[in-house]
Amino acid sequence: MAKRRKEDALETRERILDAAITVFHQQGVARPSLTEVAELAGVTRGAVYGHFRNKADLFNELAERVQLPGEKLCEGASEDPSHNPLGILRTRWLWLFQEVACNRQWQQILDIILHRCELVTESGEIRQRMLDCRDEALERIQDLLRAAVAREQLPADLDVDLAAPMLHGALVGLLGDWLLRPDGRDLARLGERYLDTLIEMLHHAPTLRRESMAEAP
């Protein structure tokens, strides 16, 4: 009996989270109430508070269902990048694009976080998570680019401090742009072409050479 009650409680919790995704995706995070989430989940408002302290707690738990851009990149930070650092960089970004492309729930949650998450109390922890994720991702990209330079996969005069935020911003920007209008575009295929184009830029763009930075007025 106790096991059944626990299973019922977990099922109710998942229904509430599923309903919250739909409500927040349609209306943003700040405006809708927990009553609207409860009604869509088919439970009472009290049942929602039985699982979540408030809307911020519910939103934070919802966001735990996905990896933010950069978190997959940092997941393998302990692995040795010396053999194929560009391969690691490419594979981990492609994994994110492929996962988002085929996972409707990830699409909705990332769309909420990137486009429908107002700067209010409910979004505070998520915003901090995004900032921490960005800082860690930039550090990881810089490490991989420096390893790629040492491995002679990239030019010796690459301005890594310029290239890393450019690469990160472009790839996160592609994801955000695709989420605004995903219909008819294959994110996995588009992301692969986009990433390979950016890597070509690292190889050949004169403005990404350290000498050009030194010569700038």
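Reader: Over residues 33-52, what percentage of the chain is helix, and how far apart are the end C-alpha atoms?
Author: In this predicted model, the stretch 33-52 contains 0% strand. The UniProt record, in an unreviewed entry, lists these residues as "DNA-binding region". The chain over this stretch is 75% helix, and its end C-alpha atoms lie apart by 13 Å.

Reader: Is A38 buried or exposed?
Author: A38 belongs to helix α2, which covers residues 34-41. Not counting residues up to four places away in sequence, A38 touches V43, T44, R45 and V48. The cut-off for a buried residue is under 20% relative accessible area, and because A38 has a relative accessible area of 3%, A38 is buried.

Reader: How far apart in space are A38 and A20, C-alpha to C-alpha?
Author: In sequence, A38 and A20 are separated by 18 residues. In space, taken from C-alpha to C-alpha, the distance between A38 and A20 is 8.5 Å.

Reader: Is H51 buried, partly exposed or exposed?
Author: H51 is found in helix α3, residues 45-51. Leaving aside neighbours within four places in sequence, H51 is in contact with A9, T12, R13, I16 and D57, and for one of these residues, T12, the C-alpha atom is 8.8 Å from that of H51 although 39 residues separate the two in sequence. Buried requires under 20% relative accessible area and exposed requires over 50%, so H51, with a relative accessible area of 27%, is partly exposed.

Reader: How many helices and how many strands does the secondary structure of the protein come to?
Author: Read from the N terminus on, the elements run α-α-α-α-α-α-α-α-α-α-α. The secondary structure therefore comes to eleven helices and zero strands.

Reader: Which element gives the most residues to the largest nonpolar core?
Author: The largest nonpolar core has 60 residues, of which F24, L58, V100 and L145 touch the most other members. Elements that give two or more residues to this core include α1 (2-27), α2, α4 (55-63), α6 (85-102) and α8 (124-150). With ten residues, the element that gives the most to this core is α9.

Reader: Which residues is L145 in contact with, leaving aside its neighbours within four places in sequence?
Author: L145 is one of the residues that touch the most other members of the largest nonpolar core. Leaving aside its neighbours within four places in sequence, L145 is in contact with L89, L154, V160, A163, A164 and L202.

Reader: What is the relative accessible area of Q107?
Author: Q107 has its place in helix α7. Leaving aside neighbours within four places in sequence, Q107 is in contact with V100, A101, C102, W178 and L179. Q107 is buried, and its relative accessible area is 10%.

Methods: Residues are numbered from 1 along each chain as its sequence is written. This is a predicted model: local features need pLDDT of at least 70, side-chain atom pairs count only at pLDDT 80 or more; totals for chains, interfaces and linings use all residues. Side-chain values use heavy atoms; hydrogens and water are left out. UniProt positions are given in the numbering used here, feature names are shortened, and annotations may be inferred rather than shown by experiment. Helices (H or I, at least four residues) and strands (E, at least two) are DSSP runs, numbered from the N terminus. Buried means under 20% relative accessible area, exposed over 50%, partly exposed in between (1.4 Å probe, protein chains only). Contact means heavy atoms within 4.5 Å. A nonpolar core is a set of buried Ala, Val, Leu, Ile, Met, Phe, Trp, Tyr and Cys residues joined through side-chain atoms within 4.5 Å.
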